[in-house]
Amino acid sequence: MRLTVKAKLAGAFGVVILLSAITGGIAYVKLTHLAETSEGLVQRSARIDKAGELQNQILYQARAQRDVIIASTDSELRKVTDEVKQYRKDAIRTRDEITASATEAGKRLMEKFSASYERLEATEDQIIKFAMLNSNNRGAQLWASEGAPIVKDWNEAINTTLAEARKLPVSAERANALISVLSLRAEGEAVQKNLGFSFYASTLEDLASTIKALGDATDRLRSDAQQSVTALSAAGLSSSAIVGQAERVVKIAGRVSDIVKEGGNIRAAALASTEGVAATNAAIQATTDYVNYVKKAMAEMSEQAAADAASAKLLLISIVIASLLAAVASAFWIALNISRGLARAVGLADAVAIGDLSQKIDVSSNDEIGDLVKSLNAMTANLNATAGVADEIARGNLTIEAKRLSEKDTLGIALEQMVEKLRQIVSEALTAAQNVSAGSQELSASAEQLSQGATEQASSAEEASSSMEEMAANIKQNAENASQTEKIAAQSAKDAEASGTAVGRAVQAMQTIAEKITIVQEIARQTDLLALNAAVEAARAGEHGKGFAVVASEVRKLAERSQASATEIGELSGETVRVAQEAGDMLAKLVPDIKKTSELVQEISSACREQDVGSSQINQAIQQLDKVGQQNASASEQVSSTSEELASQAEQLQSTIAFFRIEQGASMSHSAPLDKAVTQLRAKAAHMAAVDRGPKKQPAVKPQRQLKAAGGGGFAFALGDGEDDRDADFQR
Amino acid sequence: MAETAQYLTLGLAGETFGMAIRNVREILDMRPISRLPHAPEFMLGMIDVRGTGYPILDLRLKLDLPPVPPTEATRIIILDVPVAGRVVGIGFVADCVYEVTDIEESSLEQIPDVGGKWKSDYIAGIGRKGDRFVIIFDLARLMAGTDVSADAAANPSNDLAA
């Protein structure tokens, strides 16, 4: 069975995770339980609080009962009864709240409380009813309001009767009357005293005895009043006022005692101190029972919760320890397995890294480590195969086929490409050797052409030199002509300016003439006028003026003629001025043109000078050309020696490339043409050397030219000593 | 031999007019004329000739011709004009003055008759000079039209005729 590292890890982690999950589950359940318990405790304590509140409300009611008994006025009574109603409502609400959230046992206890509370309410109702009677207070009020004036009247009546009796002379009758009146006063005071006692009686017995005493006192007062009538009448005094007042006192005392007799407050106090207290205590006892019951339940719950927590703690600790042990054991086992396998794999990889491909490991485990070891073994095997191929290539065997193991096998691909490239390079090198031989043939042909070219160059240079001489002469002539033209142009400009000035003077003179002619015209006109006037005078003179008239007419004719001539001269001179001005304008226009011409001619002459310099530079260039011709000749020799060198290099290349075997017997067929090419190259080189040395004797003419150049201090062309057929083409 | 009289001929708007030489005192060039306020339109003003002042009239305006600006040929003719029995020196402005010439009295023609009356009393007669007409002024009548004087108009031409 194959147990991979993945599976081992998954198993170990699975166990640990399972145990952790169980721990978590238990903890969750227990915590939830605890939370519920604490929630219950909180609710119960809330109920205890409510029960306390209930007790308080009952106590408030008890206090209100006392308040009701004490209250003296109706408004106070009403206020207190309202308070009682409010307390009752609150108590009922609190009870209902407790009952709503209580357990079954709690509800039973609350029912008991309800029963006792109803009893309490009944008792309370009765107490309030008695208290509402408020007997002693009402009696006191009646007595204060109605009894006080009656008592006052009674005292006055007694006092009046007494005063009257004292006025009587001393006798037995007077004494009897005084005694009876004084006893009446004493009886009245006894009635008042007993009434006061009845208001403040604290018990029913007390009240009954006081009321009885009061009844006795009133009876006595009435009988004494009846008896006093005889005594008073015997003394001669009126008894009607005393008897009337006594009746009123008796009557009001009867009414007050009727009210006080009820004893509402006393009854209420008695009821409150007996049944009221008992009912209150019963109700408080019921709530206390409920509180005790709840406290007991809470204690039980907390004990239960503590027990649960202890057991859960124990369970959790044991599970955690178990999962810890399982995790440690599995981790130790897995780590040991992996490190052992990896150590062996690392040993093999180290060996491969330092180039030792002979190592091999046995596969022991059936997991990823085992796979790794297997792969490493395969790698060393493949590397061994590749090394074999490289070894063959090193021996020069290019016929071997290098095969790539995959598309990503860079070493295999490189080897494959290397073998291919080497084959290509070797075959290309062979082709190149052939090309070298062909090239050396072309080289020899080129050398021949080069020598021919040199000869042609010499003759061309000669032609060029003769042309240059003519050109130089032309340029010089041009320059001379240009400078002359320049001078003439300058002169022309000066002359034109002078002409302009002359024309200006002529114009001025003509204008002067025109002015003078005007004067002549004016004179002629005046003369005409004078002649006319003379004619007039002559005519007025009649016959004597005839001769004078003739003279005047002659003078007038002359004046007319001179005027006509003057007009003509004026017109002519005006025309002349106009023409002269035109001439002046034309001349003024001419001057800048002539100046421009002079400038242009100056430019031409400077251009000619530059051309002169240019021609000398061309001469130098031709000299340079001649030198190059000589260098070409020596270069031809160089080429021939280089061809020999090239041939020997080609031979060496051939022998070097022979190391590689591309295919069987191929190397032999290539060597033959190469040899042939080398031989040809050599022959060509020899031929070229011969051709180059032949023309070398001809340049004996050239030194003559060079000597001439040296003699002239510059380059001079021998134009006279040799004409060729092209010289005829160069003409001016 | 026919009797001739001498006239001074002058040009006005292209036509030739004549004046008896007896009336002509002097011919002058056009010169600056001092203007007179409230003068009639044809009276240009006054000029001074050797210490004597003469009123100057424009003949063109006098004859209801359009006025023209003075030229080189414009002349002032000082005349002795009989006005209301006395002779007054008056200057006339003419376009030009031609000459002193003889015109036969016999060749003078009367004013052409058109069968009606027209403003022709300033004309003394129409003479000929070559093929041109010369209109002879009757100065007294010419000036009489100006003066609006009944007596002057009554016997105007007696002095002139003499």
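Select A:Glu97 and A:Lys50 in this predicted model. They form a salt bridge. Their closest N and O atoms are 2.5 Å apart. Now colour the helices that hold them. A:Glu97 sits in helix α2 (residues 74-101) of chain A, and A:Lys50 in helix α1 (residues 5-70) of chain A. The pair links distant parts of the chain, 47 residues apart. A:Glu97 is partly exposed, at 33% relative accessible area. A:Lys50 is partly exposed too, at 28%.

Next, select A:Glu416 and A:Arg404. Here is another salt bridge, with the closest N and O atoms 2.8 Å apart. A:Glu416 belongs to helix α10 (residues 410-541) of chain A. A:Arg404 lies in the loop between α9 (368-394) and α10 of chain A. Twelve residues separate the two. A:Arg404 is partly exposed, with 31% relative accessibility.

Move on to helix α11 (residues 546-657) of chain A, which holds both A:Glu575 and A:Arg578. They are three residues apart, about one turn of the helix. Their salt bridge brings the closest N and O atoms to 2.6 Å. A:Glu575 is partly exposed at 41% relative accessibility. A:Arg578 is partly exposed, with a relative accessible area of 41%.

Over all chains, the count comes to 32 salt bridges. How many are between chain B and chain A? Two. To see one of them, select B:Asp29 and A:Arg525, whose closest N and O atoms are 2.7 Å apart.

Which elements of chain B give two or more residues to the side that touches chain A? Select β1 (4-12), β3 (24-29), β6 (75-83) and β8 (96-104) of chain B. β3(B) gives the most, with six residues. By class, this side of chain B has eight nonpolar, two polar and eight charged residues.

Now show the contacts. 18 residues of chain B are in contact with eleven residues of chain A. The two chains bury about 1,200 Å² between them, with 49% of it on carbon and sulfur atoms.

Follow the cartoon along the sequence: β-β-β-β-β-α-β-β-β-β-β-α-α-α. Of the 162 residues in chain B, 46% are buried. Its accessible surface comes to about 8,800 Å², and 53% of that belongs to carbon and sulfur atoms.

Definitions and conventions:
Residues numbered from 1 in each chain as written. Chains lettered and ligands numbered in written order. Predicted model: local features only at pLDDT ≥ 70, side-chain atom pairs only at ≥ 80, totals over all residues. Heavy atoms only, no water. Helix = DSSP H or I, 4+ residues; strand = E, 2+ residues; numbered from the N terminus. Buried < 20%, exposed > 50% of the residue type's maximum accessible area, 1.4 Å probe, protein only. Areas by Shrake-Rupley, 256 points an atom, 1.4 Å probe, with all protein chains shown as cover. Contact = heavy atoms within 4.5 Å. Buried area = accessible area lost by both parts, 1.4 Å probe. Salt bridge = Lys/Arg side-chain N within 4 Å of Asp/Glu carboxyl O. Nonpolar A, V, L, I, M, F, W, Y, C, P; charged D, E, K, R; others polar.
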